[in-house]
Amino acid sequence: MYRATSALTLSALVASLLTPNGLYAADEHAHRQHAAHVHGIATLTLAAGDHEVQVMLSSPAANIVGFEHPPASESDRRAVAEAKAKLEDAQRLFVFPPAAGCQTVHSEIQSELFASAHAAHAHEAEHEHEGHPAQHADIVAEYHFECATPGKLERLQVQLFEVFPATEHLEVEYVIGDKQGAAELGHAHPILTF
Amino acid sequence: MPILSLAWKSLLNRRFTVMLTVFSIALSVALLLGVERLRDQTRASFANTISGTDLIVGARGGAVQLLLYSVFRMGDASNNLSWESYQAIARHPKVAWTVPMSLGDSHRGYRVLGTNGDYFEHYRYARKQALSFAQGTPFSDLYDAVLGAEVASALGYRLGDPIVLAHGASDVAFARHDDKPFRVVGILARTGTPVDRTVHVSLQGIEAIHVGWESGAPARGLSPSAERARTMDLTPEAITAILVGLKSRIATFQVQRYVNDYRAEPLTAILPGATLSQLWSLIGIAENALLIVSTFVVVVGLFGMLTAVLTSLNERRREMAILRSVGARPGHVFALVMGESGVLTLFGVALGFTLLHVLLFVAQPILENQFGISIAIGAPSLYEISLLGIICASGILIGAIPAYRAYKLSLADGLSVRV
């Protein structure tokens, strides 16, 4: 297995640039760390406590958008915007037991691809002819739910495989109250039982 | 009713083969149930090893490896983590408590764990059970040691006994820290976890015995005396792993990311519960193989019974004919043979169940001492009862084959049958 347990994700990068720690990034002692990046595999973490449920999905952009280069054409940009809209629809992606009464409070989608959507034109002209190597890109989606009856949180149906068929496996780690666990979901078994 | 007593007498007449058949079914049932019981209990004691710890932090590496060396005392760390990183993690606002762990030395085959008093306070196993002292107290002096239950019982140590730690895993004369013996001040109550097989000393104690050992052996004249070591600064430079408890569990992944992205040092934080279930899913494959093999043993046992009953039919053609002559109908013959298989299976299952419990009763202390697997001897679980039910039903069903054959024969044969 060449997947590292840590996902050095964009959000972490962004966060680290904003915090004092981030000073290292610009430093000449910049640490060269690369999280593993395997197309078809995404990771999901779920933490539930009291009425709060936090879900974070990290996936290679290829699983979600279909490519990982900065959007170059109009159709690329459309694909990115579409993917982002689908990711923002938390209720479509995650089906909690109705009895738990969970509502989406907040969702936030981050990726290099979205960032470059604005600045793409300027950079394209510069880099297009330099044979800029294709970079890997990740998408990190964070969701925040509030559940009225958290005691009824017995399972979670993940519809990611239907919405984004390029996602083959989802590696899940969860913390619910005192209980920790891990599971692997896929097309054939998309339901996580806690 | 007379037909039943006839059937019983017929069985007694063939008692040797019958006993062998029953015994082979019993053995196969005992094996299947035994494997099932062991599987269940291993899983339980496995999952019970650690609880209440939200994260375990070690040097960057595999999650399973970190879990194995920090909790199960198996294998070794590829790297240590620095004391500064430990301090930074302990200061993180979401962290409630931390327990530093330093591994690497041994005492007569048992691992030595360097830690601090928080270990006895925060380490939890099974359903949030805290460690308790069977005798004595936690370490307070530099050269105090607290023994796990098994270490104490296997090596016969009592409070106040001196023990000498060995450098690394090998206990050879030149690698013993015999200039600085430790004193047993506490013995923990049995937990059924790797804690039982651990010698606990303070982090400073670990440091003290290693001063002057930088080359891997005591440098002549460089290793200070036990008393002089007390005056030195014994803050370790590096430790092996940290157990972390959080103020709020919902922050688990947040703190995990903080550790995994920690820039000054490559670190890994794992969720012990999640890694346990990953590890178990690996082991689960071997576990299923074992269950499949024992299921086949039961199938073989039932086939053995089928063979035995079928072979006996030829010898019993005259018996059947006589039964028919005194008024038994072909249907009676069918019921008789089928009932016989049923009785053999039932006896086999009952004997197997008893056999297993006798075996468990004998093996329980050995399993607990040698492998740390505690097997509860209790009423069979619902799953076990359904397994037994399936075996009985298949035994009775299989009996239909020889019964049908006896039925046909009894229709065809007259009294003049030649056997």
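## Helices, a sheet and a crossing

Let's start in chain B, where α11(B) and α14(B) pass each other in a right-handed crossing; a crossing is called right-handed if the near helix is turned clockwise from the far one by less than a right angle, and left-handed if anticlockwise. Helix α11 covers residues 317-325 and helix α14 residues 400-412, and their axes come within 10 Å and cross at roughly 65 degrees. An axis here is a line fitted to C-alpha atoms, for helices over the stretch in contact, with angles running from 0 to 180 degrees between N-to-C directions. Helices (H or I, at least four residues) and strands (E, at least two) are DSSP runs, numbered from the N terminus.

Who touches whom at this crossing? On the α11(B) side sit Arg317(B), Met320(B) and Arg324(B), and they meet Ala406(B), Leu409(B) and Ser410(B) of α14(B). Two residues are in contact if their C-beta atoms, placed from the backbone, lie within 7 Å.

A word on what you're looking at: this is a predicted model, in which local features need pLDDT of at least 70, side-chain atom pairs count only at pLDDT 80 or more, and totals for chains, interfaces and linings use all residues. Residues are numbered from 1 along each chain as its sequence is written, while chains are lettered from A and ligands numbered from 1 in the order in which they are written.

Now hop over to chain A, which has seven helices and nine strands. Six strands form an open sheet with mixed pairing, in the order β4-β5-β2-β1-β7-β8; strands pair if DSSP finds at least two bridges between them. β4 (102-111) and β8 (179-186) of chain A each have a single partner strand, so they stand at the edges with one side lacking a neighbour in the sheet. From one strand to the next, the twist averages 15 degrees. β4(A) runs antiparallel to β5 (residues 138-147) of chain A, and nine bridges join them. Chain B joins in too: its helix α10 (residues 272-315) packs on the sheet, touching β7 (169-176) and β8 of chain A.

Finally, find helix α4 (residues 74-88) of chain A, with its 15 residues. Which of its residues are buried? They are Val80(A), Ala83(A) and Leu87(A), where buried means 20 or more other C-beta atoms within 10 Å of the residue's own, exposed 12 or fewer, and partly exposed in between, with C-beta atoms placed from the backbone. These three cover an arc of only 65 degrees around the axis, so they lie on the same side of α4(A); the arc is that of the directions from the helix axis to the C-beta atoms. The face turned away from that buried side carries exposed residues, including Glu74(A), Arg78(A) and Glu82(A).

Notes: Expected span 1.5 Å × (residues − 1).
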